[in-house]
Amino acid sequence: MILETIIIVVYTIALLLIFMYALAQLNLLFNYLSSKKNNASCETFNLSNPAETPFVTIQLPVYNEMYVMERLLDNIAEIDYPKDKLEIQVLDDSTDETVETTKNQINKLKAKGLDIQHITRTNRQGFKAGALKEGLKTAKGDFIAIFDADFLPKKDWLKRTIPYFKDDNIGVVQTRWGHLNRNYSVLTKIQAFALDAHFTLEQVGRNSKGHFINFNGTAGVWRKSCIIDAGNWEGDTLTEDLDLSYRAQLKNWKFKYLEDVETPAELPVAISAARSQQFRWNKGGAENFRKMMWKVLKNKNISAKTKAHGLLHLLNSTMFLNILIVAVLSIPMLYIKNEYTHLKAYFLVMSFFVISTVIFFVCYWIMYRKTYGGGIKNFMNYIGMFFVFFSIAMGFSLHNSIAVLEGHLGKKSEFVRTPKFNINTIKDSWKNNKYLKKTISMHVVFEGLLMLYFAFGMYSAFVVGDQGGDFGLFPFHLMLFLGFGYVFIKSLTSKI
């Protein structure tokens, strides 16, 4: 009974942690809805007045971006802002032929009167954080706008963001990500689904109540003095954006999130690219929890509620570990339930925690409705999307849990950038991308084994108990089987 007790205790703790996270999401939903009733205006810069128009530096950190570099520079060159108040820095850490092609394109833009600099380094020390820090040494702007290589801001982007810095307390203005290829595949649809929730429910829900939010690494503007005051960019975590965001807010800088300003970007279409991005984000989140936890708890200038939301924010990625624990232990729990009938009351209480799924379902529906509209048809589409999203998200739980554990344990790893594609009309053209990994991770093998494990879980539903089976966990195991199956098979076939 010792092993069974351990399984029950660990399973219960993981369920409770998921429930706490769900309640935090529900609170963010209430914050989000109340923010729509309170759109207070604030004083802004008058950019029609040259004397009031601040100098801006746009930083473009890039690394081996063969497929999107030309598109990026052509797009940035079209930004509508006074040329005498605008500087562009291409922070190029590339190690391939794009260094030369980028240099040639920059020279052409310079000839047209654009103030654009090509800044290269002899090493990638600090990776993206190091490149941003290097550029900051010579940046002429009081404000620093940052765009990754796959982002395409609209012409009026600076005119819609810079005015908010009239408030001297604002250190960052962050915009919402859009998706150029949202409907390209199931993979892009579920990525868009998750990101839409983050950029509506979470960013607005936190920002509207003064809780900590994060600069998302791109599609935002920093006040240069805020970067310096917060200690500048550091490359000791894989999510340098989250790190600097918390250091700045702990020093009382305010962040402004603009849900109505969309910055389009391209989602990864190859599962290997999505995996590397997910790994970096989730490991970086755990690393920042290690780095920031005590600083948040000890800070006397923030409320207990902001601290709670801050810690849960930093623990976002750790939810994948809790999901994996619940998933793996759910099958032994099925057998324990049917063998130890005196635990019937415990399992009755545990069934209450299905409400976590209900909370997520409601939260995501309200965000989905904002993008696609209401009505029966859209709601039915949403039910299908929610099922697919949660299945595949759980399918990534092993991969992401390994990232989280590495982050919490302090294991260091290289910053692996996400390959960009510049998708054209040919469906599988991305498979020729020279930056894609050609090897299969051992993680994939274990994902295949977990697919079989949850197939056994579905089989178990028919054979346990004396009353013809126990199907309470069957839908859960079906979603896990499909999720791990999708991730496993896509990871194999993408190499073919």
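How many bridges join strand β4 (residues 143-146) to β6? In this predicted model, 4 bridges join the two strands, which run antiparallel. Strands, like helices, are taken here as DSSP runs numbered from the N terminus (E, at least two residues, for strands; H or I, at least four, for helices), and two strands are said to pair if DSSP finds at least two bridges between them. The model is a predicted one, in which local features need pLDDT of at least 70 and side-chain atom pairs count only at pLDDT 80 or more, whereas totals for chains, interfaces and linings use all residues. Residues are numbered from 1 along each chain as its sequence is written, and side-chain values use heavy atoms, with hydrogens and water left out.

Buried denotes a relative accessible area under 20%, exposed one over 50%, and partly exposed one in between (1.4 Å probe, protein chains only).

These strands belong to an open sheet of 7 strands with mixed pairing, in the order β3-β2-β1-β4-β6-β5-β7. Its edges are formed by β3 (116-120) and β7, each of which pairs on one side only. On average, neighbouring strands of the sheet are turned by 20 degrees against each other, direction ignored.

Side chains of opposite charge can pair when their charged atoms come close. With a salt bridge defined as a side-chain nitrogen of Lys or Arg within 4 Å of a carboxyl oxygen of Asp or Glu, the count comes to 23 salt bridges. One of them joins the side chains of Lys251 and Asp229, with an N to O distance of 3.5 Å. This pair links distant parts of the chain, 22 residues apart, with Lys251 in the loop between α8 and β7 and Asp229 in helix α7. Both partners are partly exposed, Lys251 at 45% relative accessibility and Asp229 at 33%.

A second salt bridge is formed by Lys291 and Asp236, whose closest N and O atoms are 2.9 Å apart. Here Lys291 in helix α9 (residues 271-298) is linked to Asp236 in the loop between α7 and α8, 55 residues apart. Asp236 is partly exposed, with a relative accessible area of 34%. Lys291 and Asp236 also take part in a network of salt bridges that includes Glu234, Asp243 and Arg247. A further salt bridge, between Lys370 and Glu259, has an N to O distance of 3.7 Å. It connects helix α13 (residues 355-372), which holds Lys370, with strand β7, which holds Glu259, across 111 residues. Lys370 is partly exposed at 48% relative accessible area, whereas Glu259 is buried at 11%.

Most residues other than glycine have a negative phi, and most peptide bonds are trans. Asn232, in contrast, has a positive phi near 65 degrees. Its place is in the loop between α7 (224-229) and α8 (240-250), and Asn232 is buried at 13% relative accessibility. Asn252 likewise has a positive phi, of about 75 degrees. It lies in the loop between α8 and β7 (254-265) and is partly exposed, with a relative accessible area of 40%.

On the surface, Tyr335, Phe456, Tyr459, Phe462, Val463 and Phe471 form a nonpolar patch with about 590 Å² of accessible area together. Patches are made of residues with over 30% relative accessible area and no salt bridge, nonpolar side chains (Val, Leu, Ile, Met, Phe, Trp, Tyr) being joined within 5 Å and like charges within 9 Å. Accessible areas come from the Shrake-Rupley method with a 1.4 Å probe, and for residues only the protein chains shown count as cover. Helix α16 (residues 442-463) contributes the largest share of the patch, 4 residues. Tyr459 is located in this helix and is partly exposed at 48% relative accessibility.

Definitions and conventions. Axes are lines fitted to C-alpha atoms, for helices over the stretch in contact, and angles run from 0 to 180 degrees between N-to-C directions.
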